[in-house]
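These are my notebook entries on a protein model, written as I looked things up one at a time.

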Amino acid sequence: MATSARDLSQREFESLPISEPYASTVGKPWRGFQMLMWGPKGAGKSTQSLLLGASLVPHAVAAGGTVMVLAAEEWIGVGVQRRLQRVGIPEEVQEHMMVKEWDGMEDLKSAMKRHNVRWLLVDSISVVDVAGLDLIEYCRSHRIGTILIAHARKGGWTYKGNSKIGHEGEAVLKAYRDEDDGSYMLEVEKNRAVDAPPPPVPAPADVSQLGPHPDAETIMRENPDCTVGEGETQSDQCKAIMASLRAEGKIDDEADAQEAATSADATSEDITEGDDPSGTDTTGGLDDVEPEDEEMSELKALLGQLNQQVNEAID
């Protein structure tokens, strides 16, 4: 496929706003975004991957899916549990973060399909041969974002693993500890989602050190799959978002319906009143969708809750 430079320059691509400091280091990633995070032992790689994954949960939910942590080194046990507790990810967010043990590629694919995984965290590529198993290509073809954790080679000059992972990926971040004060830092070595690599930034220790999370309206608009009027195909998560926006007064169904009716009248003057060129019954109104609105209210505006929980933890 080829496109003109003019069309490309005017095309709008999706982007996913996330909390600081990741907004400055990672930028606005997109679905299928591949990032490698590496560093020496004790540099905080696993902690950063969990916090970054938590920042992406609302986007995964808006797409009707989850974030999966592939705990290939520690498996499901006390180590991962303590890290989750230490970083302070709210339970409502944790509900949409699946933790999976490594039991082979086919088992992983099956679990990713079952939980509709939109972002996959692999800890680490020393255990999971993501390149040799074609895991990267599988995720790209299904528009699943990946955060790959790698150890440092002896001497700390680069990461252990296939060099094409960093070469073909969109971003490479290095986690390390400052030699002077021992503080945890994040350094961008490569990132196609930002104009120029920013200077190193302090790495957050828990959710209280993250910036405010994007609101429900922003997330909904940045996720094109989450739309109004999809009927039965619209996911419960998207319905929850729409219910939240209605409750906040940011969406007015009656005004939208009136505007649509006015537009239809202006463009259909030749159609007599009562005629339906599609041959379908158009007598139904907003009352037809009231039961769906009741279901949406029972979902308690899921995405709004996620953002509220994260922001409360930050405060």
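Which residues are exposed on the other side of α6? I looked and found Glu106, Lys113 and Arg114 exposed there, in what I must remember is a predicted model.

I then turned to the buried residues of helix α6, which runs over residues 105-114, and listed Met105, Leu108, Ala111 and Met112. These four lie on the same side of α6, because they cover an arc of only 125 degrees around the axis. I also looked up what the buried residues of α6 pack against, and noted β2 (66-71), β3 (97-100), β4 (117-123) and α7 (135-141).

Next I went through salt bridges, of which the structure holds six. Lys109 forms one with Glu106, with the closest N and O atoms 4.0 Å apart, and the two residues are separated by about one helical turn because they are three residues apart in helix α6. Asp107 forms another with Lys100, where the closest N and O atoms are 2.3 Å apart; I noted that Asp107 is partly exposed at 30% relative accessible area, whereas Lys100 is buried at 15%.

I then looked up Arg140, which forms a salt bridge with Glu170 at 3.4 Å between the closest N and O atoms. This pair links distant parts of the chain, since Arg140 is in helix α7 and Glu170 in the loop between α8 and β6, 30 residues apart. Salt bridges that share partners join Arg140, Glu170 and Arg192 into one network.

Last, I checked confidence: the protein averages a pLDDT of 80, and 69% of the residues score at least 70. Over residues 267-292 the pLDDT is below 50. Where pLDDT is low, the predicted coordinates should not be read in detail.

Notes
Residues numbered from 1 in each chain as written. Predicted model: local features only at pLDDT ≥ 70, side-chain atom pairs only at ≥ 80, totals over all residues. Heavy atoms only, no water. pLDDT = per-residue confidence, 0-100. Contact = heavy atoms within 4.5 Å. Buried < 20%, exposed > 50% of the residue type's maximum accessible area, 1.4 Å probe, protein only. Arc of directions from axis to C-beta. Salt bridge = Lys/Arg side-chain N within 4 Å of Asp/Glu carboxyl O.
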